[in-house]
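Here is a short report on side-chain contacts. Please look over the structure first.

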Amino acid sequence: MSTAETFDLKAHIRGIPDFPKPGILFYDISTLLRHGPAWKEAMRRLGDVVRPHRPTLLAGIESRGFLIAAPLALELGLGFIMLRKRGKLPGAIIGLNYALEYGTDRIEMQADAVKPGDRVVVLDDLLATGGTLAAAIGLLRQSGAEVPGAAALIELTFLNGRSRLGDTAFDALLAYDD
């Protein structure tokens with residue numbers, strides 16, 4: 001068995017209790033990002049997950065999703081687009097409002113970011129309840145893109161976020177059950 005096959009990526013994710021508020025355990029990827037061999041292995045594994053979807057573009061969700069999607073797009077020779085919070089992009093934009101547990105939010109992209117028929121895989125650092133990722137998929141499809149898959153470094157399986165993604169295939173490198 002090679003070193004890559006046994007590389008424990010979870011050993012490079014730091015849990016920070018009570019952040020951003022009491023009772024929350026925050027999974028901090030900054031410790032993975034600053035460890036070159038672990039970061040390279042994470043990108044290799046995500047490439048293995050993304051390639052079968054035959055994407056023409058990768059989309060990253062603000063902001064840690066940018067850290068995942070941009071280098072992976074470069075590695076795979078693909079374009080990269082940003083899915084951002086309200087009011088953060090220049091030029092003509094399109095957006096989608098979506099429900100949160102308490103209130104609403106909005107995700108936006110530049111109006112010319114995708115063309116009908118583009119195959120876009122959406123990436124983020126973490127899948128929790130799935131609301132933002134589901135909205136990102138909806139926005140891309142509203143623009144005529146195909147969204148065959150989505151991926152994240154981490155999935156909080158106990159929150160069942162993948163159930164909100166409908167028919168979009170989802171993969172995560174790491175899962176946490178509590």
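## Burial and the model

A residue counts as buried when its relative accessible area is under 20%. Exposed means over 50%, and partly exposed lies in between. Phe66, at 17%, is therefore buried. The model is predicted.

## Aromatic contacts

The whole structure holds three aromatic pairs. One of them joins Phe66 and Phe80 edge-to-face. Their centres lie 6.0 Å apart, with 80 degrees between the planes. This pair links distant parts of the chain: Phe66 belongs to helix α4 (residues 64-76), Phe80 to strand β4 (residues 79-85), 14 residues apart. Phe80 is partly exposed, at 29%.

A charged side chain also meets a ring. Lys10 lies over the face of Tyr176, 4.4 Å from the ring centre.

## Salt bridges

Side chains of opposite charge can pair when their charged atoms come close. A search finds 12 salt bridges in the whole structure.

Asp125 and Arg64 form one of them, at 2.7 Å from N to O. Asp125 sits in strand β7 (residues 119-127) and Arg64 in helix α4, so the bridge ties together parts 61 residues apart in sequence. Asp125 is buried at 6%, whereas Arg64 is partly exposed at 35%.

## Further bridges and a network

Lys115 bridges to Asp118, with the closest N and O atoms 3.5 Å apart. Lys115 is exposed, at 55%. Asp118 is buried, at 11%.

Glu146 and Arg119 also form a salt bridge, at 3.0 Å between the closest N and O atoms. Glu146 lies in strand β8 (residues 146-156) and Arg119 in strand β7, 27 residues apart. Elsewhere, salt bridges with shared partners join Glu41, Arg44, Arg45, Asp48 and Arg51 into one network.

How values were computed
Residues are numbered from 1 along each chain as its sequence is written. This is a predicted model: local features need pLDDT of at least 70, side-chain atom pairs count only at pLDDT 80 or more; totals for chains, interfaces and linings use all residues. Side-chain values use heavy atoms; hydrogens and water are left out. Rings of Phe, Tyr and Trp (its six-membered ring) pair if their centres lie within 6.5 Å; planes under 30 degrees apart count as stacked, over 60 as edge-to-face and the rest as tilted. Helices (H or I, at least four residues) and strands (E, at least two) are DSSP runs, numbered from the N terminus. Buried means under 20% relative accessible area, exposed over 50%, partly exposed in between (1.4 Å probe, protein chains only). A charge sits over a ring if NZ of Lys or CZ of Arg is within 6 Å of the ring centre and within 35 degrees of the ring normal. A salt bridge is a side-chain nitrogen of Lys or Arg within 4 Å of a carboxyl oxygen of Asp or Glu.
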